[in-house]
Amino acid sequence: MAFAPDQAAEYRKRVLTAFRKQRLPELQAGLRELKTDPGARVPASLDVVDLYDLSSVGSDAEVAAHVAGVLDVFNKTLTNQSFKKIGPTLVEIHQLLAERNPDLCTAAFWRARLADRQADGGRRLDEFVHAVVGEAGILKVVTTERLTGLAQEVGVAAHADAAEIAAAVRAAGVDVVTPVAPPATPVPAAVLTELGSTSLPSIVDAIFLQRPPVGFRVVDGFAGDDGERLARDTVRASRRITEQRSVNDNENAAIKRVLGILADLPDDRTLEQVVLAWFVEAGRQAVQSEPALTLALKRLTATRLDRLDAARILTLFAGGESRTGGFPGVRQKIEAGALKEARRLFEATASVSGNSDAGARTEAQQALEAGERRVAELRARAQAAVESGDLATARQALDEALSLSADDPALAEMLAALPPAPPLNLAAATGPDGRTVRLSWEPGFGTTDDVTYVVVCRTGAAPRNAQDGTVLAEGVTATRFDHPTPDLATPLHYGVAARRSGAPSPVVSLPVTVLPPVRDVRVDADPDSVTLTVSPPSGARAVHVLQVGPDGRQTELHPDRHGAVVSTGLTTGATYTYLLTALYATATGDLAAEPCRVTGVPREPVRPVPSVAVRLHTEDGGTPELEAGWQAVPGYDVEIWHTAGPPRWAYGARVPMAEIAAVATRLAGVTAGSGSRDGVRGPAAAGLRHYVAVTRDGDVGVIGQSNEVGVCPTPTGVTAERFHGVVVLGWDWPGEEFDVLATWDGQVPGERLITRARYVGEGGLRIVVGTQTSRVRLRTVPASGGRAWSSPEAVVTVPGAAPGVRYTTSWHKRIARPAHAVTLTFGSEERPEAVPIVVVGQPGQVMPYTPDSGVVLAEQTLDLSATGSAELTVPLRGLGRSFWVRAFARDAAGVRLIDPPSTDLRGA
């Protein structure tokens, strides 16, 4: 049996609100556990005792009635705006629990669950304490009100009493404190202004001007660490001190004015309230101005305020604002859309406030009554709209009313009882078969996930409701429906209605008459005739055929007894259009379907192009162009397509044009043929390409002859570097589809084909050319190996290498004395006629590195042409006991002088 309305509302507020918010992960985890583990009877991650609110168990009958009431609330959450997000989860959890626990509605089942929960209480309490520590954060305090609320929200209150919970939280390092009551007496504005212009840390430093306390507390009454107490006498004594100080001290003047205001307070209790109010205001400003709560806490404790007091004050603002009760709380609940709670709070506050705070009471009462009047107006508007069938207006009014009073279960039940709005923008079309009717629509206003659709069809008139006609489908969740077997040539009216759980919405309908058109017409042609082969649609009486000639003349044609339509005496190559219309017989005459349009061209049978000629044009260094020509095929168009490799299709094959276009590129350009020959000229593609002629026959191409053409770019950026008889060449590689062919002449002529991979691996092209002048010619060729389409040559001349001349030393030594001369023997295989030599000597430990770094011992030009060698003896004087001798070729000598080992150059 269902709960009474007030019981259902209380259960939603007290139990489901927590599962909708803080305990949503627990709810989701419970469903996931049941779905993934078919053997689980009760989810370990979900407290079902809390969910079903069965902390005490009576008889079986009482338990069964309670579970039935909870299930009724679960079902109604599916349409409740506040709880519909968790509605499907709740319903599915109950279904799985009922399937796996036949004793779900018995007292024994729930007593077992209570025992399980008691055994699990310690773990839950530990998890709860961990969560409270996380929420307390840097402040390390939690108010008694907040702790009680958290315990109720997460369900731990059922496992431990308040004292046990508070003790566990304190043991974890979090202080449980009573909330700070904002003082009734505010800080005078002048005190805030004047004190803010001084360097004093707080109002306490002004009051205890000469000897402020080293630490103090203010929340539960002022108390200094050394027993200091607040008193107006202390204020007056400090003010007398300010009167004795310099009158020109601005800070002292400001402190004097602050103390004057405080001295005029009526009593010491009021002074304490002002001091507390000053620290509350300081806490508010700290939270607003500091980027982190840690800094706000540090700012307060820097005044020497007790840390716990500072943390308690900051709890007023840790969420951005303090919690407010009384008449201001009424306004807050109204603004939060909790009108029922606002009324209860107002009545409770008014009963204890008497005539105090009359202004706040009047303001709260006016706002409350205005909200209640608006809800009443919206309720009446919704009722009137339902009676007139205007569901959209009724839903809109109830949605607005719920936004003002979300805690009013009656409004939610009214909204849930409304039929959904009818679908929008119903559309109908026939499918590709010309027979299936495809319906589509859009969800109506306010449609939710639980709405399904009813599709109905009626002959001759629009359906008046969801049952008026033939019901084609119910429970449709998509916003489309296909009807594959409609009556043909009959006025049909398709209707769609939306349904939630009760009555369906009004029906939206659309008339449709299904007339399948002619399809799949075969067209055959001869040089002077066209033949159409037609299969009339099932149910059609006849097919009307109309021929439209190239000059616009219309001729009616008649199918023969085999269904073929033959038109003769036509012009070869001309295009004729045929309109084929299926006719359907009805009681009032024939109905015509949409015409099917085809074309026919009288011509010979399609044939491939037997020969295609290609010619490459490269003019003035511009983009190469290709000209292709072929013998015309009467009545057919021919296209030229090219591929990177030989065409994959055999000569004469019929290939869909889509397949050709997927692997080949069409040569597009200007017409280049004349007479009986056709042709086209357009940009030539780089590399070796195969150009094939394709005869078009509708969407099919007939493969003709192909020809290959290579377009290779000339190598650019060529460089050459000689290493005596070896030359290393480099250039900008023309592209991955090319190789480069190199040929060279001179002393050691040769030829080499280099690939891109070899070029990269060797760091260029390395060739042996000898020491004489050589010319290297580079040509780009297709990577396929064909050299017929090579590029123009790039030529680079490599100058000859200078002859290499080696020399040795022979020292003319004396006993116990340095050598007095040295003979240098020079030799070269190239036998140069003139080798200008400079012999340099240098004393010391460093060998000469240039002709200018030592003493010139001899200069002579040697002739090696006869024997390939020559000797030069050089006397050695004035070099000391340790020296070096080295030969150099004169500048621009045209030879390379090769030194012996450095040890042979030392003459010690």
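## Cavities

By the grid rule used here, the count is two cavities of 30 Å³ or more. A cavity is a set of points, on a 1 Å grid over the protein atoms alone, where a 1.4 Å probe fits but cannot get out. Grid points are joined across faces, edges and corners, and a volume is the space filled by probe spheres set on the points. The largest cavity holds about 60 Å³ of space. Its lining (residues with an atom within 4 Å of a point) is made up of L78, T79, Q81, K84, R395, L415, A416, T448, D450 and R500.

A word on the model: it is predicted, so local features need pLDDT of at least 70 and side-chain atom pairs count only at pLDDT 80 or more, while totals for chains, interfaces and linings use all residues. Residues are numbered from 1 along each chain as its sequence is written, and side-chain values use heavy atoms, with hydrogens and water left out.

## Nonpolar cores

A nonpolar core here is a set of buried Ala, Val, Leu, Ile, Met, Phe, Trp, Tyr and Cys residues joined through side-chain atoms within 4.5 Å. Buried means under 20% relative accessible area, exposed over 50%, and partly exposed in between (1.4 Å probe, protein chains only). The largest core has 46 residues, and those touching the most other members are I203, I207, V218, L262, V275, F279 and I313. Two or more residues each come from α10 (189–196), α11 (203–207), α12 (232–244), α13 (250–263), α14 (268–289), α15 (293–301) and α16 (307–314). Of these, α14 gives the most, with ten residues. Helices (H or I, at least four residues) and strands (E, at least two) are DSSP runs, numbered from the N terminus.

Take L262: leaving aside neighbours within four places in sequence, L262 is in contact with V191, I203, I207, R232, V235, L271 and V274. Contact means heavy atoms within 4.5 Å. There's also a second, separate core of 33 residues, with V15, L54, V70 and F83 among them.

## The four-stranded sheet

Next up is an open sheet with mixed pairing and the strand order β40-β37-β36-β42. β40 (869–875) and β42 (896–898) sit at the edges with a single partner strand each, so one side of each has no neighbour in the sheet. The twist averages 30 degrees from one strand to the next, with axes as lines fitted to C-alpha atoms and angles running from 0 to 180 degrees between N-to-C directions. Strands count as paired if DSSP finds at least two bridges between them. β37 (residues 817–827) and β40 pair antiparallel over seven bridges, and L824 stands opposite L872 in β40.

R806 lies in β36 (residues 804–814) and is exposed, at 54% relative accessible area. Not counting residues up to four places away in sequence, R806 touches T825, F826, G827 and I898.

Another open sheet runs β5-β6-β9 with antiparallel pairing. β5 (424–430) and β9 are its edges, each with a single partner strand. β6 (residues 437–442) and β9 are joined by four bridges, and V437 stands opposite H483 in β9.

A489 has a positive phi of about 55 degrees although it isn't a glycine, and it is buried, at 14%. K140, also not a glycine, has a positive phi of about 60 degrees. K140 lies in the loop between α7 (121–136) and β1 (141–143) and is partly exposed, at 44%.

Conventions. On a 1 Å grid over the protein atoms alone, a cavity is a set of points where a 1.4 Å probe fits but cannot get out, and a pocket is an open set with protein on both sides within 12 Å along at least five of seven lines; lining residues have an atom within 4 Å of a point.
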